[in-house]
Amino acid sequence: MKNFRESENVFLKGNWYPVEETSSNNLNIVGEIPMELNGLFLRNGPNPKEPIDHKNYHPFFGDGMIHGLKIQDGKAHWYKNRYVESSFGFGPNTHVLKHAGKIYALVEGGVSPVILDNDLNFTDQIPFPKNDNKRFTAHPKFDSSKNELHAISYDFSEYLSDVNQVHYRVVDGSGEITTDLPIVLNSKPMIHDCAITNNYVLIFDLPVTFNTSRRNKDENASDYPVVWDDNYSSKLGLLNRNTNEIKWIEVPNCFLFHVVNSYEDSSGKVILDFCRYDKLFDFNNPLPFGKKPFLTRWEIDTIKETCVEKLLDDRPMEFARIHPDLEGKEYRFSYILNDGALNNLFKYDFLKDRNEVHHLGEHKKGAEPVFIPKIDQTSEDSGYVVGFVYDQEVDKSEFIIIDAENFSEEPLARIQLPSRVPFGFHGSWINLD
Ligand SMILES: [Fe+2]
């Protein structure tokens with residue numbers, strides 16, 4: 001591969017640039033891997049294949065690549081990375097998670113999930129065997145009480161056909177779709193994430209909408225097909241999980257890629273924590289990260305149908321994760337990456353309104369911090385925070401394991417990888433059965 005790591009495109013420079021497939025066994029470890037960690041860490045992200053259109057490349061459309069690490073009995077057995085192979089079309093590039101005994105690589109926009117095995121072999125299994133329509137999302141929410149995934153998905157092919165609707169889909173514990181509800185809207189919003197509570201699914205109808213006019217106006221312009229709409233009437237849909245009725249509530253104009261979490265408090269208000277973008281995807285600036293995101297809370301009165309907004313922190317943050325069994329439930333802790341320098345991780349304590357910082361190092365760039373609960377958990381933060389870290393000085397990555405209860409201290413272990421893991425999106429820890 002030619003060295004194109006200087007590029008006019010910010011998403012092809014340095015550690016954004018794609019890597020080749022590789023694998024390595026018996027990795028070197030600095031420190032000690034906790035013996036109870038037996039599983040796979042998988043992370044998805046874009047890794048565009050040659051030839052790359054440097055002018056118009058956008059990471060949301062880069063070919064998916066999974067980076068995997070197998071840890072067992074205190075050893076790091078292997079690291080490997082593989083392009084996501086799909087017999088259904090585009091290889092999903094955004095998330096990878098396990099549900100109903102299957103590992104799914106996921107993306108939004110109407111593209112089918114792909115199922116892979118524990119060795120990163122991709123299969124042609126139908127993602128939801130009893131439902132013909134394969135569309136899904138990169139960010140389903142896991143209801144641990146019911147062992148269900150809840151998803152709000154949109155489909156570019158419907159938007160292109162001028163069909164203004166999104167879909168609410170539920171996947172049960174056997175991996176089958178049990179609810180498949182079309183939701184008609186007034187426009188075609190890009191919906192990256194959703195949220196759940198005990199009684200609701202939250203639908204984000206916000207001012208980033210499908211629009212192909214950028215390229216129509218200027219043939220040299222980016223063809224990225226979503227645009228910020230200054231005159232949009234932003235709404236939050238509260239879809240009642242029992243009746244499927246939707247109540248739409250006016251909310252401030254803003255955008256979110258990612259929810260931190262949501263729940264109903266003791267008074268019945270819906271609490272939503274998320275990373276809030278003031279404005280994004282300007283017509284003349286389609287780069288998605290032009291405005292920094294800030295940790296924000298909405299308190300939604302479902303009776304008065306009002307939304308009160310509170311800024312929780314004035315430092316930019318993105319890629320928050322929480323305890324995997326607490327999605328949609330009252331919670332206390334989140335683990336979040338600082339946006340910009342990428343060299344700090346935050347542990348945010350919503351109960352005490354305080355946070356701790358794990359400084360990765362001046363030359364290091366972190367990623368989404370994934371929380372793994374301990375097997376015998378004694379508190380919500382009893383567990384490990386893990387993720388890939390890119391070291392600019394040596395141009396390689398490592399995988400770090402932090403004790404979540406001693407968050408600011410040195411990692412318990414650093415697993416040294418043979419190459420670098422490009423910046424990417426989301427991943428999961430998957431316990432070995
Ligand atoms: Fe995402």
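**Figure 1. Pro51 and its cis peptide bond.** Pro51 lies in the loop between strand S3 (39–46) and strand S4 (64–72). The model is predicted. The peptide bond that runs from Glu50 to Pro51 is cis. Its omega is near -5°. Most peptide bonds are trans, and most residues other than glycine have a negative phi. Asn56 also lies in the loop between S3 and S4. Asn56 has 15 other C-beta atoms within 10 Å, so Asn56 is partly exposed. How far apart are the C-alpha atoms of Asn56 and His99? They are separated by 35 Å, and the two residues are 43 residues apart along the chain.

**Figure 2. The whole chain.** The chain holds 2 helices and 31 strands. Its C-alpha atoms fill a box of roughly 55 × 55 × 45 Å, taken along the principal axes. The radius of gyration is 21 Å. A compact globule with 433 residues would have a value near 22 Å, so the chain agrees with that expectation. Buried residues make up 45% of the 433 residues. Contacts can also be sorted by separation along the sequence. Of the contacts with a separation of 6 or more, 53% join residues 24 or more positions apart.

**Figure 3. The open sheet S9-S10-S11-S12.** Four strands form this open sheet, in the order S9-S10-S11-S12. The pairing is antiparallel. Which strands stand at the edges? They are strand S9 (141–143) and strand S12 (177–184). Each has a single partner strand, so one side of each is left without a neighbour in the sheet. From one strand to the next, the twist averages 20°. Inside the sheet, strand S10 (residues 148–153) runs antiparallel to strand S11 (residues 165–171). The two are joined by 5 bridges. Ser153 stands opposite His167 in S11. In a regular strand the side chains alternate between the two faces of the sheet.

**Figure 4. The open sheet S13-S14-S17-S18.** This open sheet has 4 strands and antiparallel pairing. The order is S13-S14-S17-S18. At the edges stand strand S13 (195–196) and strand S18 (246–250). Each of these has a single partner strand, so one side of each lacks a neighbour in the sheet. Strand S14 (residues 200–205) pairs with strand S17 (residues 235–240) over 6 bridges, in the antiparallel sense. Asp205 stands opposite Lys235 in S17.

**Figure 5. Asn244 in the loop between S17 and S18.** Asn244 has its place in the loop between S17 and S18. What is the phi of Asn244? It is near 65°, a positive value in a residue other than glycine. Is Asn244 buried or exposed? Asn244 has 12 C-beta neighbours inside 10 Å, so Asn244 counts as exposed.

Figure 6. Strand S23 (residues 333–338) and strand S24 (residues 344–349) run antiparallel. They are joined by 5 bridges. Ile336 has Phe346 as its bridge partner in S24. The hairpin has 5 residues between the strands. Gly340 takes a positive phi near 110° there. Leu342 is found in the loop between S23 and S24. Leu342 has a positive phi of about 65° although it is not a glycine. With 19 other C-beta atoms within 10 Å, Leu342 is partly exposed.

Figure 7. S24 and strand S25 (residues 354–359) run antiparallel and are joined by 6 bridges. Which residue in S25 does Lys347 stand opposite? Lys347 faces Glu356 in this pairing. The hairpin of S24 and S25 has 4 residues between the strands. Asp353 takes a positive phi near 50° in this hairpin.

**Figure 8. The largest nonpolar core.** In soluble globular proteins, nonpolar side chains tend to be buried together. The largest nonpolar core of this chain has 106 residues. Val201, Leu202, Leu256 and Val386 have the most contacts inside it. Which residues does Leu256 contact, leaving aside its neighbours within four places in sequence? Leu256 is in contact with Asp193, Phe204, Phe274, Cys275, Arg276 and Tyr277.

Conventions. Residues numbered from 1 in each chain as written. Predicted model: local features only at pLDDT ≥ 70, side-chain atom pairs only at ≥ 80, totals over all residues. Pairing = 2+ DSSP bridges. Axes fitted to C-alpha atoms, helices over the stretch in contact; angles between N-to-C directions. Core = buried A, V, L, I, M, F, W, Y, C linked by C-beta atoms within 7 Å. Buried ≥ 20, exposed ≤ 12 C-beta atoms within 10 Å, placed from the backbone. Contact = placed C-beta atoms within 7 Å. Rg over C-alpha atoms; globule rule 2.2 N^0.38 Å.
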